[in-house]
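Take a look at the protein shown here. We will walk through it step by step, from ring pairs to a helix and then to charged partners.

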Amino acid sequence: MSSALPFRAAIFDLDGVLVDSARLHFVAWKRLADELGIAFDADDNEALKGVDRMGSLDHILKLGGVTRDRAAREALAARKNGFYLDALTTMGEADVLPGARRLLADARAAGLAIGVASASRNAVTVLDRAGLTDAIDHVADAAAARSKPAPDIFLACATALDVPPAECVGFEDAAAGVEAIKAAGMVAIGIGEPDTLAKADLIFATTDAVDLATVLRLSARPQV
C-alpha cells in the first residue's frame, strides 16, 4: 500500500456538466422522432444522457418499434446532426452552466491539466460557441472511441494529457459516464441525483455546488 499522488488532471463531460446543450439535443431528437412518427418526450430523452449518436438513435427506434438497416440508420443520424447544428446556432456563453467557469478556473489554479470527454462529435464547436475553448487542454474525439459506459474516451483523454488514469478525476452527470470513469480507473465525481449516480465516489447536486477543494482531498486516500 502506498500513498496516492495528487490528481494531475480533471476530465469533464460536456453536456450537463459544463454547458446546457442537452436541450438542443432534445430539440433535434424530438424533431427526428416526430418525422418518424415515434412518441418521444423529455422523460425519454433522459435515457440518452452520455450515449453517443448511433446509440441514441437505436434507443429511439426501439421506442417506436422501428427497424432500419445500417445505411438508413446512418442517414437518420446525419439528419439528426443537421437538426442539432441548426439548434446550435442559438447557443452562446449564456448556456454555460452556473459554476462551470469557476470550476475550470479553480482546476487550472490547482495545477490540473483539463480535458473534455464528451459523447458529442460537436464538442469542439460547442466549446467554441460557449467561449470555453481556451480553458480546455484537450477534447477527446468521440468518433474514435466506443461510447460510454466503455472507458475509451476518458482513457484517450488521459493519454493525450499524458497523465495516468489513476491520477485523473472525472466529472459526469450521467450514470453511463460515471461507469466509464470508474472503468477507466479514475475517481468519479457525479453531478446530479444520488439515486442515478450511486456509483460515483462523490456527488454534488449541480456544477455550481462542486467544491474542488473537497474533490482534491479524495486524492489523499490510500491506494492498494
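This is a predicted model.

How many aromatic pairs does a search of the whole structure find? It finds two. Phe-12 and Phe-171 form a stacked pair, with 4.6 Å from centre to centre and 15° between the planes. The angle counts as stacked because it is under 30 degrees. Phe-12 sits in strand E2 (residues 9–12) and Phe-171 in strand E5 (residues 168–172), so this pair ties together parts that are 159 residues apart in sequence.

Phe-26 and Phe-40 also form an aromatic pair, and this one is tilted: 5.9 Å centre to centre, 35° between the planes. Phe-26 belongs to helix H1 (residues 22–36), while Phe-40 lies in the loop between H1 and helix H2 (42–46). Phe-26 has 23%, so it counts as partly exposed.

Now turn to helix H4 (residues 70–88). Its 19 residues should span 27 Å at 1.5 Å a residue, and its end C-alpha atoms are 26 Å apart, which agrees. Several residues of H4 are buried, among them Leu-76, Lys-80, Phe-83 and Tyr-84. Where do the buried residues of H4 lie around the helix? Seen down the axis, they fall within an arc of 160°, so they line one face. They pack against H1, helix H3 (53–63) and helix H6 (123–130).

Next come the charged partners. A search of the whole structure finds 16 salt bridges. One of them joins Arg-31 and Asp-86, whose closest N and O atoms are 3.7 Å apart. This pair links helix H1 to helix H4, across 55 residues of sequence. Arg-31 is partly exposed at 41%, and Asp-86 is partly exposed at 46%.

Arg-102 and Asp-106 form a salt bridge as well, at 3.6 Å from N to O. They are four residues apart in helix H5 (residues 100–109), so about one helical turn separates them.

Finally, Arg-146 forms a salt bridge with Asp-152, with the closest N and O atoms 2.9 Å apart. Arg-146 counts as exposed, at 56% relative accessibility. Elsewhere, salt bridges with shared partners join Asp-13, Lys-148 and Glu-172 into one network.

Key: Residues are numbered from 1 along each chain as its sequence is written. This is a predicted model: local features need pLDDT of at least 70, side-chain atom pairs count only at pLDDT 80 or more; totals for chains, interfaces and linings use all residues. Side-chain values use heavy atoms; hydrogens and water are left out. Rings of Phe, Tyr and Trp (its six-membered ring) pair if their centres lie within 6.5 Å; planes under 30 degrees apart count as stacked, over 60 as edge-to-face and the rest as tilted. Helices (H or I, at least four residues) and strands (E, at least two) are DSSP runs, numbered from the N terminus. Buried means under 20% relative accessible area, exposed over 50%, partly exposed in between (1.4 Å probe, protein chains only). The expected span of a helix is 1.5 Å times one less than its number of residues. The arc is that of the directions from the helix axis to the C-beta atoms. Contact means heavy atoms within 4.5 Å. A salt bridge is a side-chain nitrogen of Lys or Arg within 4 Å of a carboxyl oxygen of Asp or Glu.
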